[in-house]
Amino acid sequence: MVQRPGVPTAPELVLVTDSGSVPMSPGRTYHVGRDPLCEICLEDARVSWHHAILRPDGDHWTVEDEHSTNGTWADGQRVHEWSVGVGSQLRFGSVEDGPRAVLVDPAPS
């Protein structure tokens, strides 16, 4: 992605789940769901095939529910679209015990 001077961009983040971690670059959008073609594939029956997306939005990231059956939660609140960043906790399919993901800073090189 070419960065234009003076235009803020979302930070690089890492999404950590029980099954691993996904480095997130502000140059792309990440799909969350049971579909094996999703960048973040969660194998849980409560997660919809195409459940949510994580996308850069100016100087931050946004999680957007894709009309999932069982919902998306950010920091304990059911959301349709919500700004997220370092420390945000996401749940998919159930606020109590659905698959959990946390956004963290990338590890220093």
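Trainee: In which order do the six strands of the open sheet lie?
Mentor: This is a predicted model, in which local features need pLDDT of at least 70 and side-chain atom pairs count only at pLDDT 80 or more, while totals for chains, interfaces and linings use all residues. Residues are numbered from 1 along each chain as its sequence is written, and side-chain values use heavy atoms, with hydrogens and water left out. Strands are DSSP runs of E, at least two residues, numbered from the N terminus, and two of them pair if DSSP finds at least two bridges between them. Pairing in this sheet is antiparallel, and the order is β2-β1-β11-β10-β7-β8.

Trainee: Which are the edge strands?
Mentor: An edge strand here pairs on one side only. That applies to β2 (20-24) and β8 (77-79).

Trainee: Which residue is the bridge partner of T72 in β10?
Mentor: Strand β7 covers residues 72-74 and runs antiparallel to β10, with three bridges joining them. In β10, the partner of T72 is F92.

Trainee: How many bridges join β5 to β6?
Mentor: These strands form a hairpin with two residues between them, where G58 takes a positive phi near 65°. R55 stands opposite T62 in β6. The strands run antiparallel, and the bridges joining them number six.

Trainee: What is the angle between the planes of Y30 and W61?
Mentor: Rings of Phe, Tyr and Trp (its six-membered ring) pair if their centres lie within 6.5 Å; planes under 30 degrees apart count as stacked, over 60 as edge-to-face and the rest as tilted. The structure holds one such pair. Y30 and W61 are 6.1 Å apart centre to centre and tilted, with an angle of 50°.

Trainee: How many residues apart in sequence are the parts that this pair ties together?
Mentor: Y30 counts as buried at 3% relative accessibility, and W61 counts as buried at 0%; buried means under 20% relative accessible area, with a 1.4 Å probe and protein chains only. Y30 lies in β3 and W61 in β6, so the separation of the parts tied together is 31 residues.

Trainee: Which residues touch the most other members of the largest nonpolar core?
Mentor: A nonpolar core is a set of buried Ala, Val, Leu, Ile, Met, Phe, Trp, Tyr and Cys residues joined through side-chain atoms within 4.5 Å. The largest one has 20 residues, and those touching the most other members are L15, L54, V63, V84, L90 and F92.

Conventions: Buried means under 20% relative accessible area, exposed over 50%, partly exposed in between (1.4 Å probe, protein chains only). Helices (H or I, at least four residues) and strands (E, at least two) are DSSP runs, numbered from the N terminus.
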